[in-house]
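The sequence and structure come next.

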Amino acid sequence: MTSDNDRRRGLLARLRGRPAARSRGRRRLGAAVRLIAALTLAGGAYTVFAPGVQAQENPPLTGAAADGKALFDVSCVSCHGRNAQGVVGRGPSLIGVGSASVEFQVSSGRMPMARQEAQAMRKPPSFTDEQVRQLGQYIQELGGGPQVPEGNNLRRNADMAAGGELFRINCSQCHAFAGGGGALSSGKYAPSLAPASDRQIYAAMLSGPQNMPVFGDNQITPEQKADIIAYIQETLKHNQDPGGFNLGRYGPSSEGLAIFLIGIVALVFASLWIAGKS
């Protein structure tokens with residue numbers, strides 16, 4: 001009797017559990033359908049909007065930049081790599097250096113380098129001013145960075161007295177008080193400022209080539225940069241050395257050496273001559 005009752009209760013329990021199992025199956029099936037629909041919708045949205053996003057991240061180059069890329073692929077890619085990302089042991093990445101760095105290095109003939117040295121030397125440029133502008137525009141559009149203002153005269157209405165003070169505080173330690181340059185460590189040197197143009201000086205302050213620190217607009221304002229350029233171009237380059245020989249304008253080192261080799265030796269010989277006469 002008990003076993004019949006148990007069978008009936010078990011049968012009733014199974015009958016009650018079937019609708020619950022069916023409802024769980026429906027919920028799982030519905031969740032799977034919704035997931036597939038969501039993935040399909042996301043894939044469709046990506047297909048529609050992805051080309052626009054890619055075009056926004058990689059905008060087409062302007063005409064000048066496209067010409068600059070053609071020059072870069074011929075003359076610069078072997079050291080700086082495709083897309084200017086650099087080559088280990090050959091050349092650094094140019095992403096973010098801006099057109100200012102390109103203009104300084106290329107317009108002064110320091111780039112392309114003939115061989116790897118401690119420091120790139122100034123030499124006649126390999127590119128015209130227009131080609132330099134195109135190369136700079138390509139690097140600028142590729143990764144951004146500092147830019148030199150337009151124009152060749154960047155010292156208009158500048159204060160030469162203020163520029164002289166700024167030069168003596170920030171530049172004379174390496175370039176000497178007369179702008180003749182000087183030796184640095186590890187075979188490097190601060191070059192003479194005599195052949196530098198307004199744009200090259202401005203670009204050097206923005207980009208900090210070689211061992212030179214970067215003087216951004218937060219450290220030295222554009223107006224102060226113009227003052228420094230005016231002092232270099234209109235005072236240092238036009239100084240006629242009224243005191244006599246400039247001795248290379250290297251400062252106390254060359255002057256001290258000259259005094260020792262000429263002055264002291266002359267005094268020794270004069271002393272010996274006086275002693276011989278007496």
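## Helix α4 against α8

Helix α4 (residues 98-107) and helix α8 (residues 198-207) have axes that come within 8 Å and cross at roughly 130 degrees. Axes are lines fitted to C-alpha atoms, for helices over the stretch in contact, with angles from 0 to 180 degrees between N-to-C directions. α4 is therefore oblique to α8 (under 35 degrees counts as roughly parallel, over 145 as roughly antiparallel, 65 to 115 as roughly perpendicular, and the rest as oblique). The crossing of α4 and α8 is left-handed, meaning that the near helix is turned anticlockwise from the far one by less than a right angle; clockwise would be right-handed.

On the α4 side the contact (heavy atoms within 4.5 Å) is made by A100, S101, E103, F104 and S107, and on the α8 side by R199, Q200, A203, A204, L206 and S207. By class, the residues of this contact are five nonpolar, four polar and two charged. Ala, Val, Leu, Ile, Met, Phe, Trp, Tyr, Cys and Pro count as nonpolar, Asp, Glu, Lys and Arg as charged, and the others, Gly among them, as polar.

## Basis of the model

The model is predicted: local features need pLDDT of at least 70 and side-chain atom pairs pLDDT 80 or more, while totals for chains, interfaces and linings use all residues. Residues are numbered from 1 along each chain as its sequence is written, and side-chain values use heavy atoms, leaving out hydrogens and water. Helices (H or I, at least four residues) and strands (E, at least two) are DSSP runs numbered from the N terminus.

## Helix α4 against α5

The axes of α4 and α5 also come within 8 Å, crossing at roughly 150 degrees, and this crossing is right-handed. G98, S99, V102, E103, V106 and S107 of α4 meet V132, L135, G136, I139 and Q140 of α5. This contact has five nonpolar, five polar and one charged residues.

## Lining of the largest pocket

The lining of the largest pocket divides into 19 nonpolar, 12 polar and three charged residues. α4 gives the largest share, five residues. At least two residues each come from α2 (63-75), α3 (77-80), α4 and α5 (129-143).

## Backbone features

M111 and P112 are joined by a cis peptide bond, with omega about 0 degrees. P112 lies in the loop between α4 and α5.

A176, a residue other than glycine, has a positive phi, near 70 degrees. A176 sits in the loop between α7 (172-175) and β1 (182-183).
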